[in-house]
Structures are given as structure tokens and as C-alpha cells.
Amino acid sequence: PAVVTAALRLNEPRYPTLPKLMKAKKKPLEVMDAASMGVDLTPRMEVIMMEEPPVRAGGIKVDSVDQLVDKLKNEAKVL
């Protein structure tokens, strides 16, 4: 068994105020090299082939709901 709770404003973003934005602009950015952290950035995938997807066939317009239901039943076999 488990008890799961969620806050009311869970998905609302928190926007920074103007003074906090100005303070963030003044802070220095530390640029780190990937090699100094031991991260290997060489690509591990090789692209063998690329091709475009097949062109879709054009659709049709129906005049009424009855015609739409008929086409869905008989041609598309959806209903």
C-alpha cells in the first residue's frame, strides 16, 4: 500500500521577479570543458541510410454524416 499526495499548484510555473533576473545577469558563467569532466563526446551511432517517407494519398470530402458513416463502415472497415 502507498499514499500519494500532490500539491494544488503542482504544474504552475514559478516566474522570477525582476530583481532576481538582474542579479542572475551579473553572476559569472563557469564554462567547463567536457574532457576535464571525463565525458566522451564522440558519436556512437552511424547513419547508414536516410529516405523520405512515402507520399500520402489525397483525402476526400463527404457531403453528409450518412456518407461518412458509410465510407467508414464499408471502405475503411473501422466501424
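Tutor: Lys and Arg count as positive here, Asp and Glu as negative; His and the chain ends are not counted. This is a predicted model: local features need pLDDT of at least 70, side-chain atom pairs count only at pLDDT 80 or more, and totals for chains, interfaces and linings use all residues. Residues are numbered from 1 along each chain as its sequence is written, and side-chain values use heavy atoms, without hydrogens and water.

Student: How far apart are the mean positions of the positive and negative charges?

Tutor: Each charge is placed at NZ of Lys, CZ of Arg, CG of Asp or CD of Glu. The protein chain has 13 positive and 11 negative charges. The distance between their mean positions is 16 Å.

Student: How many helices and strands does the protein chain have?

Tutor: Both are DSSP runs, numbered from the N terminus: helices are H or I, at least four residues, and strands are E, at least two. α1 takes in 18–26, and α2 takes in 65–74. The total is two helices and zero strands.

Student: What is the radius of gyration of the protein chain?

Tutor: It is taken over C-alpha atoms, and the globule rule is 2.2 Å times the number of residues to the power 0.38. For 79 residues the rule gives 12 Å; the chain is well over that, so it is more spread out than a compact globule. Along the principal axes, its C-alpha atoms fill a box of roughly 65 × 50 × 40 Å. The radius of gyration is 28 Å.

Student: What percentage of the residues count as buried?

Tutor: Relative accessible area decides (buried under 20%, exposed over 50%, partly exposed in between; 1.4 Å probe, protein chains only). Of the 79 residues, the buried share is 1%.

Student: How many salt bridges does the structure hold?

Tutor: A salt bridge needs a side-chain nitrogen of Lys or Arg within 4 Å of a carboxyl oxygen of Asp or Glu. Asp40 and Arg44 meet at 3.8 Å; Asp40 is partly exposed at 46%, Arg44 exposed at 70%. Glu75 and Lys71 meet at 3.2 Å. The count is two.
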